[in-house]
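Reader: I'm new to this, so please pick one part of this structure and take me through it slowly. What sits around what, and which side chains pair up there?

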Amino acid sequence: MYHMIEVAIPSFRYEESDLERGYTVFKIEVLMSGRKHIVEKRYSEFHALHKKLKNSIKTPEMPSKHVRNWVPKVLEQRRHGLEAYLQAVLIENEDLPKVFLDFLNIRHLPSLPKVESCSSIDDYDCEEFSKLSHQPVLLFLRDPFILPTATDDSPNVVIEGVLHGIYYPYLQLR
């Protein structure tokens with residue numbers, strides 16, 4: 001299945017801590033809808049994710065939990081294996097569980113609307129139509145009809161133009 005999400009694990013680093021033994025952190029790059037963000041996870045977090053996912057979706061094989069020596073070559077193999085694991089989850093599953101999206105710090109998964117599945121635009125009971133998500137294009141911090149009192153005599157053409165465009169888009173100005 002194709003999702004509008006791409007993941008890569010380009011690098012890892014060793015983290016030292018006074019409270020516990022050192023550990024490796026993997027840098028995950030998540031590209032979704034043209035935006036990229038970074039998530040950093042330890043192997044133990046991947047392992048916990050795998051345990052949660054394997055009961056609900058088709059999961060690929062996880063790289064081995066036990067690594068005998070922490071040399072860069074072995075860690076590079078683990079990095080590659082974890083990257084392949086995330087990519088396989090994306091490819092092999094049509095519906096991605098919330099726990100997987102949370103792991104990648106994805107709040108909502110954009111989907112392409114299936115317009116052809118609705119008999120008409122007036123069919124509001126259509127399941128796909130109700131799933132469409134959108135974000136506001138304009139945001140008014142106060143009532144736009146109450147125009148600011150201008151100290152000069154020139155009208156606020158920006159506000160008037162926006163209001164005209166929203167409420168009277170088909171009316172031609174003379």
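Author: Let's begin with Glu45, which counts as partly exposed at 32% relative accessibility. On this scale, buried means under 20% relative accessible area, exposed means over 50%, and partly exposed is in between (1.4 Å probe, protein chains only). Before we go further: this is a predicted model, where local features need pLDDT of at least 70 and side-chain atom pairs count only at pLDDT 80 or more, while totals for chains, interfaces and linings use all residues. Residues are numbered from 1 along each chain as its sequence is written, and side-chain values use heavy atoms, with hydrogens and water left out.

Glu45 has a partner: Lys41 forms a salt bridge with it, the closest N and O atoms being 4.0 Å apart. A salt bridge here is a side-chain nitrogen of Lys or Arg within 4 Å of a carboxyl oxygen of Asp or Glu.

Now follow the rings. Searching the whole structure turns up three aromatic pairs. Phe26 and Phe46 have ring centres 6.3 Å apart and planes at 90°, so this pair is edge-to-face. The rule takes rings of Phe, Tyr and Trp (its six-membered ring) with centres within 6.5 Å; planes under 30 degrees apart are stacked, over 60 edge-to-face, and the rest tilted. Because Phe26 lies in strand E2 (residues 23-32) and Phe46 in helix H1 (residues 43-53), the pair ties together parts 20 residues apart in sequence. Those labels are DSSP runs numbered from the N terminus: helices (H or I) of at least four residues, strands (E) of at least two. Phe26 is buried at 1% relative accessible area, and Phe46 is buried at 0%.

Phe46 also pairs edge-to-face with Phe103, at 5.1 Å centre to centre and 70° between the planes. Phe103 lies in helix H3 (residues 98-103) and Phe46 in H1, so that pair ties together parts 57 residues apart in sequence. Phe103 is buried too, with a relative accessible area of 6%. Put together, ring pairs link Phe12, Phe26, Phe46 and Phe103 into a cluster.

Back to charges. The structure holds seven salt bridges. One of them joins the side chains of Glu40 and Arg13 (2.3 Å, N to O). It links distant parts of the chain, with Glu40 in strand E3 (residues 35-42) and Arg13 in strand E1, 27 residues apart. Glu40 is partly exposed at 40% relative accessibility, and Arg13 is partly exposed at 34%.

For one more salt bridge, look at Arg79 and Glu83, whose side chains meet at 3.6 Å, N to O. They are four residues apart in helix H2, so about one helical turn separates them. Arg79 is buried at 10% relative accessible area, and Glu83 is buried at 15%. Elsewhere, salt bridges that share partners join Arg13, Glu15 and Glu40 into one network.
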